[in-house]
Amino acid sequence: MAPRQVAATRPDSPWLRTSGPPRPAAPARLVCFPHAGGAASYFRDWGGRDLAGAEVWAVQYPGRENRIREGFPPDLHTLADQVTEELRGLLDRPTVFFGHSMGAVVGYEVLRRLTADGRGGAVLHLVVSGCGAPQRVRPFAGQEGAHLLDDDRLVALLKELGSGNAGLLDDPDMRSAFLPAVRDDYRIVQSYVPRVGGPLLRTDVTAFVGRQDEAVGVGDAGAWAGATRGRFTLRTFPGGHFYLGEHPDHVLHALREVLLPAATIDTGRADES
């Protein structure tokens, strides 16, 4: 088993964290976008795994962990604008985006912005996990208005989804620290509407989904094919909405297959638009 690595923060940005020290010689980067209520620490162990030598980064949204005192963004588009600006310094080598649930939408919107201003060529692949395509993003069944639920009902909903943090929410102190971010993330994702216009993605897209995911169907995940002019692949895994926590080895193996071409490509490709 790989040694556990401590997540380090990029010195000039509270938005980005990496597992272990930065690896300037890494052939590629994997940038991870957390789910609703999630944080960069969800991916803290990935930097020590065999991911084709890629340097692993994760986005840290405001209002959690080291940013817990910061205010939440007004909407998902504003969040995507902010993340896009922070990520520009990481696009000096081939990059793969991975986003789970809400993170898939954030990653997609960031990539749309990079594509529009000619920097999308640095991102060779977008992996969207546990999320319907943009035109199908909607409140999960039984979760409409989830941000308005009282604490007990919101915790019950998280446990039903199988969130890795749900078990911690029996502790009142953990609830008070964790639930505000969950609530606000539900608010911005349930009010999200993709903007009309703008260039279609040219990036290859792969959708991951759990076969027993009651929140996101295979058809919803497959609809991501319409979001890009690049190649599209659909991969299913055993498990529910948080299948990646249930079967991490399967997921990391699949991610390694996605990262291998990025890790061996001519680095000049990263500067193409």
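This is a predicted model: local features need pLDDT of at least 70, side-chain atom pairs count only at pLDDT 80 or more; totals for chains, interfaces and linings use all residues.
Two strands are taken as paired if DSSP finds at least two bridges between them. Strand E6 (residues 123-129) runs parallel to E7 and is joined to it by five bridges. On this side, serine 129 has phenylalanine 208 of E7 as its bridge partner. Strand E8 (residues 232-237) also pairs with E7 in the parallel sense, over six bridges. Here the bridge partner of valine 209 is threonine 236 in E8.

Aromatic contacts were then considered. A pair of aromatic rings is described by the distance of the centres and the angle of the planes. Nine aromatic pairs were counted. One of them is formed by phenylalanine 33 and phenylalanine 97, in an edge-to-face arrangement with 5.1 Å from centre to centre and 70 degrees between the planes. This pair links distant parts of the chain, as phenylalanine 33 belongs to strand E3 (residues 29-33) and phenylalanine 97 to strand E5 (residues 95-100), 64 residues apart. Phenylalanine 33 and phenylalanine 97 are both buried. The ring centres of tyrosine 42 and phenylalanine 43 lie 5.3 Å apart with the planes at 80 degrees; since angles over 60 degrees count as edge-to-face, this pair is therefore edge-to-face. Tyrosine 42 has a relative accessibility of 25% and so counts as partly exposed, while phenylalanine 43, with a relative accessible area of 1%, is buried. Ring pairs connect Tyr42 and Phe43 with Trp46, Phe98, Phe208, Phe237 and Tyr243 in a cluster. Phe208 of this cluster is the E7 residue bridged to serine 129. A charged group is also placed against a ring: arginine 67 lies over the face of tryptophan 15, at 4.1 Å from the ring centre.

Helix H2 (residues 102-116) comprises 15 residues. At 1.5 Å a residue, the helix should span 21 Å, and its end C-alpha atoms are 22 Å apart, so the two values agree. H2 is mostly covered, with 14 of its 15 residues buried. Just after the helix, glycine 118 takes a positive phi of about 85 degrees.

Methods:
Residues are numbered from 1 along each chain as its sequence is written. Side-chain values use heavy atoms; hydrogens and water are left out. Helices (H or I, at least four residues) and strands (E, at least two) are DSSP runs, numbered from the N terminus. The expected span of a helix is 1.5 Å times one less than its number of residues. Buried means under 20% relative accessible area, exposed over 50%, partly exposed in between (1.4 Å probe, protein chains only). Rings of Phe, Tyr and Trp (its six-membered ring) pair if their centres lie within 6.5 Å; planes under 30 degrees apart count as stacked, over 60 as edge-to-face and the rest as tilted. A charge sits over a ring if NZ of Lys or CZ of Arg is within 6 Å of the ring centre and within 35 degrees of the ring normal.
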